[in-house]
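I wanted to look through this structure step by step, writing down what I checked and what I found. These are my notes, in the order in which I went.

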Amino acid sequence: MKAKILLQIANKTLPWQVGRLGLINMFAAVSKLKQHQQRVTTLMAHREKLLASGAYSLARQKVLEHQVLNHLYVLASLKQQSPCDYFNGNSFNDLAELSCDDFCEIALASDQHAIFALCATRLMAAPEQDNSDYFLALKKQQALPVYTLLSQQLRYWTIPEQKALRATVLEGKESLPQQLKTILFSQPLNDAELQQALAHADFTLVYAALVNCYCQGDNSLSDKVFKVFSCTSEPSQKAQLLQLAGLVDDSRWHEPCALFCKAHPEFCQTVLSHFVYKSALVLVIELMGVAQTQQAAYQAWLTLTDRPLAKAEALTLVSAQNQHHVQAGINLHDAEHVRQALALSKGECVLKGVSFTKAQPEQGLAELAGEIVQRVFAPQFELTLACGLYHTQQSAVQWQKLIAGAQHAA
């Protein structure tokens, strides 16, 4: 009798338990998808912060981007259940089968351009047309934003035989997106084109021409940059010029840089991080001793030397209103010891604590990546590719291939 009662209870209970388990599995699957989405968001934020630092471990970038792609792959393969459809109902396999134009159409309609740019490095096939023909076809169709998106990949930077178009841009008769103006003036230029671009009112053309000179190894680059710098009043433009100046071995830039950083501390970190010559560490130490630039200069110090410094005793600072502020200082004596030790090591430059020679950066920086690393390397490559490297952040896979090719050529 007891067994019969237990059987009746089981018959009523088991179907409910099975249904309950089904609901649990469904919610678990949805929860996992949300976790994938959250991880994509978190990893992309970490990647953005990493890229902003300008110099970092290539291995770290590679792991981050690999993890992002793995999570995106899961979300795209389960698109109907996914809490966020990044690719307009397409899986990774679908994206890989799309034409270049169709891929770009989906990308431009999305607000996730950074994700599409990363995916494009793995998934997107090159267009069948020649770059010049493709560029002109898109221009005729008023679809140049497509080429702007594609320009994240260096193979699209070579657009030869565009002298006539450059002439119309210089004359102000043609309006193009900023990135495409940069690309047009990253090609081999004749002397007249170069001089016109350097004297132009459009800073995009001026800066593209200066970077062109840098990538060619122009010995008079520092003077050219100073001429533009002295005529420019916009702080963001001056900051860009100082970044370029920092890659040139010219101590005459130290004083203008110090004055600019004190006046505009918001640009201090990124500007100083480009001053890769060891002689400029004196400048960085000087600005670590100034209240308004201290923290930014210290972050640049870490980018260059990768040597954390001891804290000095707390200092009491007095403002103009006689208000007292206590601030923990940085031990500048410690910084000076590090500077002297680095000065004794081989190589006139330093980045992430690695001493290297500007003429052969691959011998020291092969394990690093980032905007500053690319800019240091840029003159080692063919002109248009070099300009593209200066202006365009590469994914870990792209950069690894370029470095391997450079080392093989050497």
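**Entry 1: helix H14 and what covers it.** I began with helix H14, residues 254-263, in this predicted model, and asked which of its residues are buried. I found His254, Pro256, Cys257, Ala258, Phe260 and Cys261 to be buried there. I then looked for what covers these buried residues of H14, and the cover includes helix H12 (221-231), H13, helix H15 (268-272) and H16.

**Entry 2: helix H16.** Since H16 had come up as part of that cover, I went to it next and asked how many of its residues are buried. In helix H16, residues 281-288, six of the eight residues are buried, so this helix is largely enclosed by the rest of the structure. The buried ones are Leu281, Leu283, Val284, Ile285, Leu287 and Met288.

I also checked how H16 lies against helix H18, residues 332-344: their axes are 10 Å apart, and the two helices pack at an angle of about 175°. Because an angle over 145 degrees counts as roughly antiparallel, H16 is roughly antiparallel to H18. On the H16 side I noted Leu281, Val282, Ile285 and Met288 in the contact, and on the H18 side Leu332, Ala335, Glu336, Arg339 and Leu342. Sorted by class, the residues of this contact of H16 with H18 are seven nonpolar, no polar and two charged.

**Entry 3: Thr305.** Is Thr305 buried or exposed? Its relative accessible area is 0%, and since buried means under 20%, Thr305 is buried. Gly353 is 48 residues from Thr305 along the chain, and yet the C-alpha atoms of the two are separated by 3.9 Å.

**Entry 4: Val228.** I returned to helix H12, which holds Val228, and looked up how accessible this residue is. Val228 counts as buried, at 12% relative accessibility. Not counting residues up to four places away in sequence, Val228 touches Leu198, Phe203, Val206, Leu210 and Leu241. For Leu241, which is 13 residues from Val228 along the chain, I noted a C-alpha separation of 8.2 Å.

**Entry 5: helices H2 and H5.** For a second pair of helices I took H2 (residues 58-77) and H5 (residues 113-123), whose axes come within 11 Å and cross at roughly 95°. That angle makes H2 roughly perpendicular to H5. The contact is made by Glu65, Val68, Leu69 and Leu72 from H2, together with Ile115, Leu118, Cys119 and Arg122 from H5. By class I wrote down six nonpolar, no polar and two charged residues for this contact of H2 with H5.

**Entry 6: the largest pocket.** Rolling a probe the size of a water molecule over the atoms shows where empty space is left. The largest pocket has a volume of about 760 Å³. It is lined by 34 residues, of which Gln152, Glu371, His391, Thr392 and Gln393 are the closest to its centre. I asked which helix gives the most to the lining of the largest pocket, and the answer is H1, with six residues. Several helices each supply at least two residues of this lining, among them H5, helix H11 (203-216), H13 and helix H21 (383-391). The lining divides into 12 nonpolar, 18 polar and four charged residues.

**Entry 7: two residues with positive phi.** I noted that Asn88 has a positive phi of about 55° although it is not a glycine. Asn88 sits in the loop between H2 and helix H3 (92-97), and it is exposed, with a relative accessible area of 59%. Glu161 is not a glycine either, and its phi is positive at about 60°. Glu161 lies in the loop between helix H7 (144-150) and helix H8 (163-170), and with a relative accessible area of 79% it is exposed.

**Entry 8: the whole chain.** Last, I looked up the totals: the chain has 22 helices and six strands, and 45% of its 410 residues count as buried. Of the contacts in the chain with a separation of 6 or more, 62% are between residues 24 or more positions apart.

How values were computed:
Residues are numbered from 1 along each chain as its sequence is written. This is a predicted model: local features need pLDDT of at least 70, side-chain atom pairs count only at pLDDT 80 or more; totals for chains, interfaces and linings use all residues. Side-chain values use heavy atoms; hydrogens and water are left out. Axes are lines fitted to C-alpha atoms, for helices over the stretch in contact, and angles run from 0 to 180 degrees between N-to-C directions. Helices (H or I, at least four residues) and strands (E, at least two) are DSSP runs, numbered from the N terminus. Angles under 35 degrees count as roughly parallel, over 145 as roughly antiparallel, 65 to 115 as roughly perpendicular and the rest as oblique. Contact means heavy atoms within 4.5 Å. Ala, Val, Leu, Ile, Met, Phe, Trp, Tyr, Cys and Pro count as nonpolar, Asp, Glu, Lys and Arg as charged, and the others, Gly among them, as polar. On a 1 Å grid over the protein atoms alone, a cavity is a set of points where a 1.4 Å probe fits but cannot get out, and a pocket is an open set with protein on both sides within 12 Å along at least five of seven lines; lining residues have an atom within 4 Å of a point. Grid points are joined across faces, edges and corners, and a volume is the space filled by probe spheres set on the points. Buried means under 20% relative accessible area, exposed over 50%, partly exposed in between (1.4 Å probe, protein chains only).
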